Amino acid sequence: VIPTSHTREGEHLHAMEHAAAHRPPRREAAYKYVSSAAYWLSGNLHFSTHESDDTTRFLIGEHPKLYFFGSTIPESYLSFCADFGPNTIADVLAFTSFVGEVVQHPGLVDRTLVFYTSTDEQHVTNSVFLLCCYLMLEEGMPAHEAAEKFENIRGLPILPFHDATWTERGYGLSFVDCLLGLQKAIAVKFLDPAKFDVETYLSMHEAEAYDT
């Protein structure tokens, strides 16, 4: 975990610019969730939540050796009713490609990378799901191992997904359920991320004629 000097509780914590020596081993005791802290995921990639754009600007100025980056994809889900995710397969592939490009960028290989999202529960949930998809598709992690990165952050505001209705949620679909579905789809060759035709999918998905 990389604590920062700007947290929700107003605590002043010393920044650790390099996290390599502080990477937790598998199944280490859970960490308490603190907004603005950065949690290690894989390699030089970390995850953080920020309360506001002012928080992000402050942290960028305070810790110039850290590379903060975000994406609008976790916030781009188009809801029908009370549903807020999970993101579509097109979003999943776009997001994994985006994060992969950042991680593999020649100018960033020696930097500590921090993907950040807002503290909004829905944005956090979608970000967690998408980051897990990245860890699975690009880093080769099994679904449960990817999910454990976030389950070990005690208090991280992750919501169950809601069906496309306005009624009270009768079943809470977890982000882990979705990851296991993705893992199964790839295992039985229902989905090949390398060959998936995103353009054809988008031409039919959510079109006015609702072809699919």
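**Close-up 1. Cys 132 and its closest cysteine sulfur.** In this predicted model, the sulfur of Cys 132 has its closest cysteine sulfur in Cys 133, and the 7.1 Å between them is too far for a bond. A disulfide would need the two sulfur atoms within 2.5 Å. Searching the whole structure turns up zero disulfides. Cys 132 is also buried, with a relative accessible area of 0%.

**Close-up 2. Phe 95 meets Phe 115.** Welcome to one of the seven aromatic pairs found in the whole structure. Here the ring centres of Phe 95 and Phe 115 sit 5.4 Å apart with their planes at 80°, so this pair is edge-to-face. Phe 95 belongs to helix 2 (residues 89–104) and Phe 115 to strand 5 (residues 112–118), so the pair ties together parts that are 20 residues apart in sequence. Both Phe 95 and Phe 115 are buried.

**Close-up 3. Phe 129 meets Phe 161.** The ring centres of Phe 129 and Phe 161 lie 6.4 Å apart, and with planes at 85° the pair is therefore edge-to-face. Distant parts of the chain are linked here: Phe 129 comes from helix 3 (residues 121–137), while Phe 161, 32 residues away, is in the loop between strand 6 (153–154) and helix 5 (175–187). Phe 129 is buried at a relative accessible area of 5%, and Phe 161 is buried at 2%.

Key:
Residues are numbered from 1 along each chain as its sequence is written. This is a predicted model: local features need pLDDT of at least 70, side-chain atom pairs count only at pLDDT 80 or more; totals for chains, interfaces and linings use all residues. Side-chain values use heavy atoms; hydrogens and water are left out. Rings of Phe, Tyr and Trp (its six-membered ring) pair if their centres lie within 6.5 Å; planes under 30 degrees apart count as stacked, over 60 as edge-to-face and the rest as tilted. Helices (H or I, at least four residues) and strands (E, at least two) are DSSP runs, numbered from the N terminus. Buried means under 20% relative accessible area, exposed over 50%, partly exposed in between (1.4 Å probe, protein chains only).
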